[in-house]
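Trainee: Can you walk me through this one? I'd like the fold and then the metal site.

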Amino acid sequence: MPRGYTDITLKGGPHDGKVYSQMSLYHLPERFGVEDDKYIGFTKNGFSLYKGERSRAWLAYYADCYVKRENEKHKAGMVYDFEKTHFVLRCGANTKKGNMCKNSAIEGGRLCDIHNKLEQVEYSKYTFPTNLTPKQIQKQFREKN
Ligand SMILES: [Zn+2]
């Protein structure tokens, strides 16, 4: 392997044993998310389940989160341990320009960190109905999956 690169091995969870080869040592994240290949995206009349790379119209997806293990001496490669599966929801707010915010909502919430701090928030018409809690949205996503 070239200098400055390493292999990442995932331990536990849904991707146990999966190896990512030749990752740059200089950009190794503390957390590593494996995103589901299915996601919910908005349509003109609501939302729908899609497969493949997320489009700009994404609303929610699952990501399996792995956390970097302390480096063990004399061992080649890095190990990441399964932490939990995150339900990633897109922030439901509109930006000042009227576009849908591109950030992810804070865990268990409907809005991103920035919009969560604002007193007044204009929700996007493309987002999930605001009377649904993140838990209820997650349930609908599970049923569609
Ligand atoms: Zn936002």
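Mentor: A definition to begin with: two strands pair if DSSP finds at least two bridges between them. Helices (H or I, at least four residues) and strands (E, at least two) are DSSP runs, numbered from the N terminus. This is a predicted model, where local features need pLDDT of at least 70, side-chain atom pairs count only at pLDDT 80 or more, and totals for chains, interfaces and linings use all residues. Residues are numbered from 1 along each chain as its sequence is written, and side-chain values use heavy atoms, with hydrogens and water left out.

Trainee: OK, in what order do the 6 strands sit in the sheet?

Mentor: The order is β2-β1-β6-β5-β3-β4, in an open sheet with mixed pairing. β2 (19-24) and β4 (46-51) are the edge strands, each pairing on one side only.

Trainee: In which sense do β1 and β2 pair?

Mentor: Antiparallel, over 4 bridges, with β1 covering residues 5-11. I8 stands opposite Y20 in β2.

Trainee: Now the metal. Which residues coordinate the zinc ion?

Mentor: C91 (SG), C101 (SG), C112 (SG) and H115 (ND1), at 2.1 to 2.3 Å. Donors are N, O and S atoms within 2.8 Å of the metal (3.2 Å for Na, K and Ca); water is not among the atoms, so sites may look incomplete.

Trainee: And where are C91 and H115 in the chain?

Mentor: C91 is in the loop between β6 (78-89) and α1 (113-116), while H115 is in helix α1, 24 residues apart.

Trainee: Is C91 buried or exposed?

Mentor: C91 is buried, at 0% relative accessible area. Buried means under 20%, exposed over 50%, partly exposed in between (1.4 Å probe, protein chains only). H115 is buried too, at 10%.
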